[in-house]
Amino acid sequence: MNYLAVKDIDSIKQWVSEARKLKEDPLKYKKLGTDKTIGLLFFNPSLRTRLSTQKAAQNLGMTTMVMNFDKEGWALEFEDGTVMDQGKSEHIKEAARVISQFCDIIAIRAFASLKDKAKDKAEIVLNGFAHYATVPIVNMESSVGHPLQALADAITLEENKGHLGGKKPKVVLSWAPHPKALPHAVANSFVQMMQKQEADFVITHPKGYELDPDIAGDSKVEYDQDEAFKEADFIYTKNWSSFSDYGQVVSKDPSWTISKEKMALTNKAKFMHCLPVRRNVVVADEVLDDENSLVIEQANNRTYAAQIVLKKILDTLKM
Amino acid sequence: MNYLAVKDIDSIKQWVSEARKLKEDPLKYKKLGTDKTIGLLFFNPSLRTRLSTQKAAQNLGMTTMVMNFDKEGWALEFEDGTVMDQGKSEHIKEAARVISQFCDIIAIRAFASLKDKAKDKAEIVLNGFAHYATVPIVNMESSVGHPLQALADAITLEENKGHLGGKKPKVVLSWAPHPKALPHAVANSFVQMMQKQEADFVITHPKGYELDPDIAGDSKVEYDQDEAFKEADFIYTKNWSSFSDYGQVVSKDPSWTISKEKMALTNKAKFMHCLPVRRNVVVADEVLDDENSLVIEQANNRTYAAQIVLKKILDTLKM
Amino acid sequence: MNYLAVKDIDSIKQWVSEARKLKEDPLKYKKLGTDKTIGLLFFNPSLRTRLSTQKAAQNLGMTTMVMNFDKEGWALEFEDGTVMDQGKSEHIKEAARVISQFCDIIAIRAFASLKDKAKDKAEIVLNGFAHYATVPIVNMESSVGHPLQALADAITLEENKGHLGGKKPKVVLSWAPHPKALPHAVANSFVQMMQKQEADFVITHPKGYELDPDIAGDSKVEYDQDEAFKEADFIYTKNWSSFSDYGQVVSKDPSWTISKEKMALTNKAKFMHCLPVRRNVVVADEVLDDENSLVIEQANNRTYAAQIVLKKILDTLKM
């Protein structure tokens, strides 16, 4: 069993429910992971993912081995048949099979390059490991998705919709400006997760920021942010770079920053963001510091998202 | 309970006594830290602190998560109200609160910049974490102090004054030359620790190397190193850069190097240094390799200093 | 007890036999390392060694502390009597003695510089630690040898010679081309290990690639690769740079690449390489992906090689 994408969740409702039970008693399955090892391989920086995934593994009694692969290991080749006489020292074929012998589960973070759309879309690092490894693979953010984040977001949504009294929530994914080009992974996985939810889901962004149509599918897009925010119960904010003009920053329009005024258009919406967030660029201090901000709890739920994923994988290993 | 500075020690005598008992039986409280996690966040290099704090946590049964924050995480913003459109990706407000959800204790190393005196004195990294975190914070050397080192030094002093037969020891903190500009943290905390001890304490350094007057207080300063060394029972050596001419190297005078001849002026003094030390610049080989050198034992006591601090914090968490 | 070189194996036959038993029941000695700590100090990149040595330590119940010494600690001075006023902050004398207080075993990886033959041959980092540390030292690849790899190779040879029905195997160590200058450590230790085995052992390489004569001794050298491959049961391939023209790449002759045609000259030989390996430069895809390739199993055996070494050291510590 791999956890590569939101599609690997067979029932979001069920997983969220189980994760919330784990949250009430995180050490309940402390013996499940005894003598099992998870390798966390990072090709990019990480704070929440690094610590929450370790924490989740520890809650399950697993041993963790953390490796900053790009700095501590060897540069990897992913193409088949290459004459490896340039900068790459090791092929994914060997690396994935070898690490599988030291780890019972391998978790991988490898961001999009934002330079080569085809390679990014092919998720060559994640899928390279998934193809050649002989143990389960967990996606800690790949070029296309961040399904641990999406699962944590699903938990957070579920925990915070009680006040709607059963009404289908209106959830808005809003682009916001950012000084640098960022990947689409978080937005992609959030969209895919929302597509599996009972919700009135709207994506809003300036023209030119359409997400990969293969992912956005027929999710509703509203180019007028103010219009999108009307009656919203949850505002999920994230910057991403252009997909059509791949990896480019085509707008930094400050009128898209999430402000108190914008939030006033909503139905007292809760504010969500995956973090890290640039204050007063993506979102104003007053929104982030408001009691309706869920960002800290979202990060907390990363532990239980990772823990339910690892628990399900461990369950299959014990069989 | 935080451990940010020497002032957080309510009784040095008591803590040193308890630490020495831990040293005799380091695994006595092996169960105290079960299922507790400490996050060690490094913004700077570390050898002794990195390993001794891990060791201390392990002796108490804790799980450790080590992170080189500056390289493995995101660049942090510490100012309130900033428009974060430059190099900083995450605000301390989020980082500290988020990490508090993954760790029961957070320990932080963040050296002085030696460029901005006001910011260094404000200890923005350490105090940023202390302000926003919701779990105890331990200082693994901040811009102003290194209280784990000072506590280890207090243990070492206590262990090595038996031969004085109850006489109040004369302890000299001596500046020594160094090719690079170094922070004041070790010297500051040593001074603050000595100010709480029964001792004849003297600081000696060339003019221009006065420590922050808010820390030095009315501790005795003697500009003549030879005079200071007379009758000394302990010579504690450390380089630091100028405080008044902030962060500058205003002297590399080799006559201040601790030599056999200098040590001959003392009352067969024990030699102390926090390490790392540059041989034959700060101190001559013959002094460091002499049986009166305590530097290795000082490093050993780092484990028990950290362990007593963590034990006291764990005691409060269990309440 | 140190494990610095192949010569530290008193009986290869016995160690291989014990390692193979551990492989059948890796957790049998899970309690042996309780409350014991191993420090893994890396001065260079590492994948297999990093993970397999951690895994081995965990299988024995030890706690591990991993440190990228060159990046996370202080630059070390190894010369005696130096005036340390340049780039080095700490002397091996202090570092080794200090770390010995935090770790029960210290394992070290420090590659050859390939610039200074005398210093490389003196193994200043490994031997510096071995000289000043007060705990056992394990070599995770030094400038001269990689005895954990050689031990894993000995295990792999033993596991794969059953089909020879007791016949003394013909084992060929073949140089192969590589774009960069590589150290001699793996080849050296393999030679030293083979010199202790009952085997028909041949080294083949282009002229100019003779290994250190102090290591090669009277091992047979055959400059004609095709001739060497005849009747071979095992082809162990590795690139190394010139020893006489120290650290230089004096040939990249592609006719030395291990190909299907070359392997056809052998007695259906098994193919071995320590990894990482550059595909289609050192060896062709078709050889590496053939069922006669042992490279993945060699990597797997790194765990049991490390584990038998650590077990033997732990046995001495318990006495």
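The legends below describe close-up views of a predicted model.

**Figure 1. The largest cavity and its lining.** A search of the whole structure gives nine cavities of 30 Å³ or more. The largest cavity holds about 110 Å³ of space. Its lining is made up of N68(A), K71(A), E72(A), N68(B), K71(B), E72(B), N68(C), K71(C) and E72(C). At least two lining residues come from each of α3 (69-72) of chain A, α3 (69-72) of chain B and α3 (69-72) of chain C. Sorted by class, the lining has six charged and three polar residues, and no nonpolar ones.

**Figure 2. Chains A and C superposed.** Chain C is brought onto chain A by a rotation of 120° with 0.0 Å of shift along its axis, at an RMSD of 0.0 Å. The two copies are therefore related as by a three-fold rotation axis. Within chain C, V66(C) has the C-alpha nearest the axis, at 5.5 Å from it. The copies use different surfaces, as 3% of the contact residues of chain C recur in chain A.

Figure 3. The bond that joins L275(A) to P276(A) is cis, and its omega is near 0°. In general, most peptide bonds are trans. P276(A) sits in the loop of chain A between β11 (270-272) and α12 (285-288).

Figure 4. In chain B, the peptide bond from L275(B) to P276(B) is cis, with omega near 0°. The loop that contains P276(B) runs between β11 (270-272) and α12 (285-288) of chain B.

**Figure 5. L114(C), a residue with positive phi.** Most residues other than glycine have a negative phi. L114(C) is not a glycine, yet its phi is positive, near 60°. This residue, L114(C), belongs to the loop between β5 (105-109) and α5 (117-122) of chain C. L114(C) counts as buried because its relative accessibility is 11%, and the cut-off for buried is under 20%.

**Figure 6. K268(C), a residue with positive phi.** K268(C) is not a glycine either, and has a positive phi of about 45°. In chain C, the loop between α11 (260-264) and β11 (270-272) holds K268(C). With a relative accessible area of 69%, K268(C) is exposed, the cut-off for exposed being over 50%.

Note on methods: Residues are numbered from 1 along each chain as its sequence is written. Chains are lettered from A and ligands numbered from 1 in the order in which they are written. This is a predicted model: local features need pLDDT of at least 70, side-chain atom pairs count only at pLDDT 80 or more; totals for chains, interfaces and linings use all residues. Side-chain values use heavy atoms; hydrogens and water are left out. On a 1 Å grid over the protein atoms alone, a cavity is a set of points where a 1.4 Å probe fits but cannot get out, and a pocket is an open set with protein on both sides within 12 Å along at least five of seven lines; lining residues have an atom within 4 Å of a point. Grid points are joined across faces, edges and corners, and a volume is the space filled by probe spheres set on the points. Helices (H or I, at least four residues) and strands (E, at least two) are DSSP runs, numbered from the N terminus. Ala, Val, Leu, Ile, Met, Phe, Trp, Tyr, Cys and Pro count as nonpolar, Asp, Glu, Lys and Arg as charged, and the others, Gly among them, as polar. Buried means under 20% relative accessible area, exposed over 50%, partly exposed in between (1.4 Å probe, protein chains only). Copies are superposed by least squares on the C-alpha atoms of residues with pLDDT of at least 70 in both. Contact means heavy atoms within 4.5 Å.
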